[in-house]
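Subject: Structure handover

Hello,

Please find the structure we spoke about below. My notes on it come after.

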Amino acid sequence: MSFTASAATANDASHFANGKTKYRQLCQACHGDKGLGDGPTAASLPSKPANIPNKLGEFFTTKNSLVDDILEGDTEEGMPSSQGVITRQDAIDILDYVEMIQR
Ligand code: HEC
């Protein structure tokens with residue numbers, strides 16, 4: 001089986017669009033426009049929301065481990081659980097989206 005370049009691009013575009021939509025709906029208020037942890041509700045939380053691009057760059061952190069952290073949340077610190085709200089693929093799309101908009 002072979003995939004054409006345009007099919008791959010269309011697939012990437014739909015993941016990007018999904019990540020963008022879900023990020024804006026579910027994450028941006030706390031994590032800010034570019035994921036830096038500076039959203040409008042950040043100041044009212046027990047902990048400062050994570051700087052997502054910094055997290056992605058941490059040596060001992062992988063995208064997969066961040067997906068687990070996102071689904072699990074950390075409700076005591078103000079990070080809601082996304083279990084049952086988004087899928088693993090949605091969380092990957094969100095992280096890819098945040099990574100992409102840093103450039
Ligand atoms: C109500 C505010 C809020 C919302 C909404 C929110 N977060 Fe968070 N997030 C936080 C806070 C606060 C922390 C820091 C938690 C801590 O210090 O343990 C955090 C931490 C994180 C971390 C770091 C986890 C780690 O292990 O260090 C990631 C990644 C993250 N959030 C991604 C997301 C994504 C993706 C979404 C949307 C699906 C989202 N957050 C929605 C407040 C929020």
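Predicted model: local features only at pLDDT ≥ 70, side-chain atom pairs only at ≥ 80, totals over all residues.

Residues are numbered from 1 along each chain as its sequence is written.

Whole chain

The chain has five helices and zero strands. Helices (H or I, at least four residues) and strands (E, at least two) are DSSP runs, numbered from the N terminus. Read from the N terminus, the order of elements is α-α-α-α-α. The chain is as compact as a globular protein of its length, because its radius of gyration is 14 Å, close to the 13 Å that the globule rule gives for 103 residues. That radius is taken over C-alpha atoms, and the globule rule is 2.2 Å times the number of residues to the power 0.38. The C-alpha trace spans about 50 × 30 × 25 Å along its principal axes.

Of the 103 residues, 21% are buried. A residue is buried if 20 or more other C-beta atoms lie within 10 Å of its own, exposed if 12 or fewer, and partly exposed in between, with C-beta atoms placed from the backbone. Two residues are in contact if their C-beta atoms, placed from the backbone, lie within 7 Å. Among contacts between residues at least 6 apart in sequence, 49% join residues at least 24 apart.

Helix 5

Helix 5 covers residues 88-100, and its end C-alpha atoms are 18 Å apart, which agrees with the 18 Å that its 13 residues should span at 1.5 Å a residue. The expected span is 1.5 Å times one less than the number of residues. Its buried residues are Asp90, Ala91, Asp93, Ile94, Leu95, Tyr97 and Val98. They pack against helix 1 (5-26), helix 3 (52-57) and helix 4 (63-72).

Glutamine 89 counts as exposed because it has 12 C-beta neighbours inside 10 Å. Aspartate 90 has 21 such neighbours and therefore counts as buried. Leaving out residues up to four places away in sequence, aspartate 90 touches Asn18 and Lys22.

Core

The largest nonpolar core has 13 residues, and those with the most contacts inside it are Tyr23, Cys27, Ala91, Ile94, Leu95, Tyr97 and Val98. Helix 5 gives the largest share of this core, five residues. A nonpolar core is a set of buried Ala, Val, Leu, Ile, Met, Phe, Trp, Tyr and Cys residues joined through C-beta atoms within 7 Å.

Tyrosine 23 is in helix 1. It counts as buried because it has 21 C-beta neighbours inside 10 Å. Not counting residues up to four places away in sequence, tyrosine 23 touches Gln28, Ile94, Tyr97 and Val98. Valine 98, with its neighbours within four places left aside, is in contact with Tyr23, Gly35, Ile52 and Pro53. Aspartate 90 and tyrosine 23 are 67 residues apart in sequence, and their C-alpha atoms are 9.2 Å apart in space.

Ligand

Which residues are closest to the ligand? They are Cys27, Cys30, Ala50, Asp69 and Met79, out of 22 residues that surround the ligand. Helix 2 (28-31), helix 3 and helix 4 are the elements that give two or more residues to this shell. By class, the shell has 13 nonpolar, five polar and four charged residues. Here Ala, Val, Leu, Ile, Met, Phe, Trp, Tyr, Cys and Pro count as nonpolar, Asp, Glu, Lys and Arg as charged, and the others, Gly among them, as polar.

Regards

Definitions and conventions:
Near = placed C-beta within 6 Å.
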